[in-house]
Amino acid sequence: MKQTEDIVEQGTDLDPKDWNTIRELGHQIIEDMVDYLTDLDDQPVWKKIPAEVKENLKQSIPYVPSNPDEVYKEFKRDIFPYPKGNIHPRFFGWVEGNGTALGALAELLASIMNPNVGIGEHSGMYVERQVLDWCKQMLNYPSYSSGILLSGASMANITALLVARNAASDAIKADGVHADAAVGKLTAYCSSETHNCIVKAMEVIGLGHKQLRKIPVDEYYQIDTTALRKQIVYDQQEGYTPFCLIGNAGTVNTGAIDPMDELLRIAREFDLWFHVDGAFGALAKMVPVYKDKLKALEEADSIAFDLHKWMYMPYEVGCVLIRDADMHRKTFTVEADYLAAHKRGVAAGPETFSHFGMELSRGFKALKVWMSLKEHGLEKYQKLIAQNITQASCLGSLIKGKPRLELMADIPMNVVCYRFNPGHLDDFNLNRLNKELLMRLYESGVAAPTYTFLDGRYAIRVSLTNHRTKQKDLVKLVETSLAIGEKVLNEEFLSQEK
Ligand SMILES: *Cc1c(COP(=O)(O)O)cnc(C)c1O
């Protein structure tokens, strides 16, 4: 009984007993993080995680409280020293962004305010609407279109494909994908270089990946539009219903841009939904040289792109824009009494974001976008994207100037593929040599590109979506690749030949 009275009287909560302790810890964290960021260049890009550290991350669930200072100490010991490395100036892997200092502070502010930006009358709802308008302006996409911020381009692509699917059949929403006999099997079209999240999306939205026709590419890794037309006509004759054409604005492998004008024409001719996966490449539209090449994006039915890649914002934030706002809304709206808007008070507010995506509870991703765009202005982003593109061609020239390095593909934008090639090994051995080279490059801590296969040949792949990279970093990558390549060749290949 005594205990119950105590609880009623004093209660318990998760706030600090003494607010000064959290104030001091907060100051310390800011000090440590700013020190770290100013000293990035001298850190290794990547470090191996020691076995005992991995063990420390397999403990059973804490049952009793710890002091926040102790928790932070453990973070500094076991977590902080082993980052992925993507914030480093010589990280060139996959297609990854780097984040910014103010972007990180925005995340802190967003989680202190901690609004659920799904529904209600509060500033977060208006910030996201503002940011979505800015996204439309960035791509010169119609102001009447709709959009939503999501965790990334994977979710943006699946959201767009769901709307495209429902636009193809009135019955699907009620009866499911197999119920509409008149529609037949819906088929979508994209190049063989398309990101696997589109395959996943086709599976998850119930259409199946067999109904995603992967059209071959030409020597520039762009979709072969003659083969595309043939396949669409063939499918129509076979009783399928082509419903969606997906264009790539920047493929992951080589950064290739599909011929957008031609794809738009084909989509209109066959009455297909024209979707663009522009995860990173859509943003190149802001750079004068790419403006015309990507002009057709303005006519697309939907565009998926990331702000955490080529806008360098902290993870996660991607965006989908959809031309037909009503179709977008129709796809996701399911009325519920507890979500009905009121005229006044916190339950008033603009249209719930749950009408535009799968999520109801959503974080305040929009704040870092809002603060970052205000801090730097769009011009700065345009310059940085252009800088990365220039760096890619500079790197290409550096590679071409080294007899033992081979450029493996055209450089249409910001992706460079190369390998170490001493000239006398076959592809099988070159693949082995370059894979070993790359792993040693990681272990050296000097730079971190990733890899891909181009026509069965292993390529070291550099993606330049890094606002911190400088010319000297590219030189260092080339020189270290050469040095490690020589070493691997001598240790593992020349000895075998003898
Ligand atoms: C990164 C990427 C995706 C997936 O985006 P996420 O933000 O990782 O979900 C899709 N398509 C392309 C071309 C990409 O580069």
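Helix α2 gives the most to the lining of the largest pocket, with eleven residues; helices (H or I, at least four residues) are DSSP runs numbered from the N terminus. The model is predicted, so local features need pLDDT of at least 70 and side-chain atom pairs count only at pLDDT 80 or more, while totals for chains, interfaces and linings use all residues. Residues are numbered from 1 along each chain as its sequence is written, and side-chain values use heavy atoms, with hydrogens and water left out.

**Pockets**

- A pocket is an open set of points on a 1 Å grid over the protein atoms alone, where a 1.4 Å probe fits, with protein on both sides within 12 Å along at least five of seven lines; lining residues have an atom within 4 Å of a point.
- The largest pocket has a volume of about 1100 Å³, a volume being the space filled by probe spheres set on the points, which are joined across faces, edges and corners.
- Its lining has 35 residues, and Ile-29, Met-33, Ala-101, Ala-104 and Leu-105 are the closest to the centre.
- At least two lining residues come from each of α2 (19-38), α4 (68-79) and α5 (101-113).
- By class, this lining has 22 nonpolar, ten polar and three charged residues (Ala, Val, Leu, Ile, Met, Phe, Trp, Tyr, Cys and Pro count as nonpolar; Asp, Glu, Lys and Arg as charged; the others, Gly among them, as polar).
- The second largest pocket, of about 500 Å³, is lined by 15 residues, with Asp-13, Leu-14, Asp-15, Pro-16 and Lys-17 nearest its centre.
- In the second largest pocket, six lining residues are nonpolar, four polar and five charged.

**Nonpolar cores**

- A nonpolar core is a set of buried Ala, Val, Leu, Ile, Met, Phe, Trp, Tyr and Cys residues joined through side-chain atoms within 4.5 Å; buried means under 20% relative accessible area (1.4 Å probe, protein chains only).
- The largest core holds 103 residues, of which Phe-305 and Leu-307 touch the most other members.
- Helix α14 (residues 366-400) supplies the largest share of this core, nine residues.
- Apart from it lies another core, of 32 residues, including Leu-395 and Ile-460.

**Cysteines**

- The count of disulfides (pairs of cysteine sulfur atoms within 2.5 Å) is zero.
- Cys-319 is in no disulfide, and the nearest cysteine sulfur, in Cys-135, is 4.1 Å away.
- Cys-319 counts as buried because its relative accessibility is 0%.
- The sulfur of Cys-417 is 17 Å from the closest cysteine sulfur, in Cys-394, too far for a bond.
- Cys-417 also counts as buried, at 2% relative accessibility.

How values were computed
Buried means under 20% relative accessible area, exposed over 50%, partly exposed in between (1.4 Å probe, protein chains only).
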